[in-house]
Amino acid sequence: MHEATEAPSVSFFDYIVIGGGTAGIPIAATLSANYSVLLLERGKSPYNDPNITSVFNFGRYFFDTSPDSPSQQFVVEGVVNSRPRVLGGGTSINAGFYSRGEKKFNTEAKLTDEDLILDSYEWTEKVIVFEPVVQSWQTALRAALVEAGVTPDNGFTYDHLIGTKVGGTIFDPNGTRHTAANLLEYANPEGLSLYLHATVHKILFDSTGNSSTRPKAYGVVFEDSLGDKHVAYLNGGSSDEIILAAGALGSPQLLMLSGIGPKDQLDALNITVVLEQPYVGKDMADNPLNALFIPAPIDVEPSIVQVVGITPFGCYIEEAGGFNFIFADLSDYQGYTYQKGGFVIEKINGPLSKGDLKIVNLDPGDNPSVTFNYFNASEDLQKCVEGIETILTTVNTEAFSSYKYADMTNQDILDLNMKLPYNLIEHGNTSTSLEQYCKDTLRTIWHYHGGCHIGQVVDDDYKVLGVDSLRVIDGSTILNSPGTNPQASLMMLGSMMFYKRMIACALITVLFLLDSVVADIAPNYTFMHEATEAPSVSFFDYIVIGGGTTGIPIAATLSANYSVLLLERGKSPYNDPNITTVFNFGRFFFDTSPDSPAQQFIVEGVVNTRPRVLGGGTSINAGFYSRGEEKFNTDAKLTDEDLILDSYEWTEKVIVFEPVVQSWQTALRDALVEAGVTPDNGFTYDHLIGTKVGGTIFDPNGTRHTAANLLQYANPEGLSLYVHAIVHKILFDCTGNSSRPKAYGVVFEDSLGVKHVAYLNGGSSDEIILAAGALGSPQLLMLSGIGPKDQLDALNITVVLEQPYVGKDMADNPQNILFIPSPIDVEPSIVQVVGITPFGSYIEETGGLNVIFGNLSDYQGYNYQKGGFIFEKINGPLSKGDLKIVNLDPADNPSVTFNYFNASEDLQKCVNGIETVLTAINTEAFSNYKYANMTNQDILDLNMKLRYNLNEHGNISTSLEQHCKDTVTTIWHYHGGCHIGQVVDDDYKVLGVDSLRVIDGSTLLNSPGTNPQASLMMLGRYMGVTILSQRLADQLDKLYADW
């Protein structure tokens, strides 16, 4: 920490943070751990100034109007306000009350990681927050608030809870203030440079780069106390940034002074417009405060806000007893004295009333012009009235009776307070109504905010919209002042925003190091072996059960920095042309051997299949690749949109291709558009209403690329993969200090019947991840003792955790097909075109292939080479069944029901889908591929004769509803059995046990998009990165603890 006069004329840093206040200090301290950071504060140090550091001198700085005062006064609508000008910002001059923000603040501030939110609060609390000593007057007020109905009494807590509570304080038991400046104890001294009395005049922008439409911040100009100018530049790294944290007045003011703001204001001061941004300075707000001084017949010990009543109607009741809270002359108290009495304060939340901020000159040291339009919204005024009423009820309770003159009426109290100098507004001395009282005695609690709102000036990551390398992170971005006092939330916000950056940096380093490892190329994986080669006992950081669509991305990602065991019950997909070649698609369905990659099971007459091969469903499916819809991300609790996109692209780089669309498919695509499935979205991976061409995992040579190819990303030194490894049981320790069972190992069997045991190494973050699919995962949970008690008891399985939801709500998306004979040859093709309807039916196709694997005679005189199958699959579905285990053999199929079309909504979607198919094939666009004299009824009756399932039914289609039921088949998109919120939490951790997650299709509420494989591979990668991030966060927490 130095005076700015000591700064070099020119300097370079990875990050420049403008504003050493409530948010800026946590940001700078956090970033300094791994980067060079410049922190610029326009004011002085708070240390060695007893007016700042001692609670007993609270408020004296408000009388200091010198240029070096820590409190820069400004007046808005007759209300005297204060703007911090000191290291520590508002924490150096406020009343010290500490309370976390409400949940709504986290949502508005776009903070989604609840664990990180809590960690960031605790990061502050360890250093500067204390539990206060609550004395007699405050105790009486607390009891009075409860008696008045502000219930319950929540005791001492940092949390924002309806009712009455004691909050934290940043004054220690000796009355010494601890400010955000104390959080610089966390800073890396080698990484941080801090200058005081450094007034930033301008942020510098480069508009000459490759992206001519987006200016890029690259430096700042600041002035020291002698008037000398200095320039600090970013080092030029792609992630280097300037972070503006100058507060709700300073940040919009400096943006405008730098050329970002409303054009009329910039032009008026001849400021070059870098970016016209009309929202800078808009929607400024200040939470109005109204107080009642309550004279007491006895002395009141000095106290400053420690008790608060949080009402359900949006008003917060606070207090300050025994001292001159309004900084008035003794004569102003109308014959009473502040030492005998206390102020009971109400502040409204929100507020809805808004104003704006305008710059008046080019001097960043001067205040801008501000309006707040206090009580312009009637809802704000009504909250104030209800708050005053609550205070009056409170001071008339039995609990408060010792601290109020018995003969003093409510009108007496109101009239007395009308005479106190709360503001500069001229008004009468008598209270005529509570509405007028609120307006006349209006004051501030210094919680003003706005001017750079999220969604208007900055995005969800606080990056300034329209420019690069610049963020705003402070009270100017918030929609509403959080909780009873914003300081806790703002320090949390500062810590959290770049704590994430540190984790990301560490994670990027890990993944970069992996990139530098010599990777194995498919199929020559040095880490892949038969389970017969596995040791009898082994130890790993992670054990992943299931080498399928999600298990492989998880294992490959985790192997970057940890030892990972991946167990797959089936064989390798390589060197089997029935798997690898598109022209052999489906032949594996005829293989019923124990080593078949497709294990058949039958549900309600529908022949289904369960993958038994490395790569899972990607090794036996039709190859269509399309990302899931936005709703899937919400259902799956995936909140990081950047990571979602990165995770999709991680897969697409290796195994996804753009298909060549031939004549029959082109005709069908045009026909769907002509039939109203619009618009034509061309080639895209995205899930969009209309008709599109999707990706494929078959390359131009017809070779299948499966999830197994993603093992090219794996660290060969970190991964051990065994095929033909059937897991029999997950092992749990139920003897620890916790009542929660803890997963610690697995038992698996090789192809010779020999058992092996693999254990976790025992680290606190080590985990078993179950990714065995929608049948395998619930089945293995039950075999391991987690499931419905009646099923476990029936097979004499020891109950580890009774969990009735395991195996519940199983679902399969029913598929219905129409074979359309063609008068001309149809080139062989496999799903590439899809129509996504707005009513929940997806239309797909396969041409010139025997997709139902029937005999030629089954086609009733037609030939599959002259024709194609158009099928519809419904989304959802709503129809649900369940899964039950039938024996102790994990290789056998469990018993499953799906209850196809049990929900009438599902049946109606099928009908609508079949109608759409019939409309499409009768269009002009499709006319070359349909016999002109073949009616819809002919087509339906023909398809009634084809063997789509094992159910007995007639040969004539009597209605589309009956046709759907009679010809139902599957597209192999079954899911459920371990749903989020029932069996696993939002992080896919199994509820009620430790060190175990389930991450696969069993957790899905609905099958995503037109084919789930893209979403499941994305989910595997996303959760792999998330698990790495969580583990790195734990390590950083320990590092912070050491600091």
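The dialogue below takes several features of this predicted model in turn.

Q: Which strands stand at the edges of the open sheet of seven strands?
A: In a regular strand, the side chains alternate between the two faces of the sheet. The open sheet here has mixed pairing and the strand order 8-9-20-21-22-19-25. Strand 8 (153-156) and strand 25 (443-444) each have a single partner strand, so one side of each is without a neighbour in the sheet.

Q: How many bridges join strand 19 and strand 25, and in what sense do they pair?
A: Strand 19 (residues 288-295) pairs with strand 25 over two bridges, in the antiparallel sense. Leu289 stands opposite Arg443 of strand 25.

Q: Which strands does helix 8 lie across?
A: Helix 8 (residues 378-395) lies across strand 19, strand 21 (315-321) and strand 22 (341-348).

Q: How is the hairpin of strand 5 and strand 6 to be read?
A: Strand 5 (residues 71-76) and strand 6 (residues 79-84) are antiparallel and pair over six bridges. Val76 has Val79 in strand 6 as its bridge partner. Two residues lie between the strands, and Glu77 takes a positive phi near 55°.

Q: How many residues of helix 17 are buried, and what follows the helix?
A: An α-helix has 3.6 residues a turn, so residues three or four places apart point the same way. Helix 17 (residues 773-783) is mostly covered, with 10 of its 11 residues buried. Among them are Leu775, Gln779 and Met782. After helix 17 comes Gly785, which has a positive phi near 105°.

Q: What does a search for aromatic pairs find?
A: Rings count as a pair if their centres lie within 6.5 Å, and planes over 60 degrees apart count as edge-to-face. Across the whole structure, 47 aromatic pairs are found. One of these, between Phe601 and Tyr974, is edge-to-face, at 5.4 Å centre to centre with 90° between the planes. This pair links distant parts of the chain, 373 residues apart: Phe601 belongs to strand 31 (residues 598-603), and Tyr974 to the loop between strand 51 (969-970) and strand 52 (996-998). Both Phe601 and Tyr974 are buried. Elsewhere, Phe58, Tyr61, Phe62, Phe323 and Trp446 form one aromatic cluster.

Q: Where does UniProt place the feature "transmembrane region", and what does the model have at residues 12-35?
A: The unreviewed UniProt entry places this feature at residues 12-35 and 502-522. In the model, residues 12-35 are 33% helix and 25% strand, and the end C-alpha atoms of the span lie 12 Å apart.

Terms used: Residues numbered from 1 in each chain as written. Predicted model: local features only at pLDDT ≥ 70, side-chain atom pairs only at ≥ 80, totals over all residues. Heavy atoms only, no water. Phe/Tyr/Trp six-rings, centres within 6.5 Å; stacked < 30°, edge-to-face > 60°. Helix = DSSP H or I, 4+ residues; strand = E, 2+ residues; numbered from the N terminus. Buried < 20%, exposed > 50% of the residue type's maximum accessible area, 1.4 Å probe, protein only. Pairing = 2+ DSSP bridges. UniProt positions renumbered as here; feature names shortened; annotations may be inferred. Contact = heavy atoms within 4.5 Å. Axes fitted to C-alpha atoms, helices over the stretch in contact; angles between N-to-C directions.
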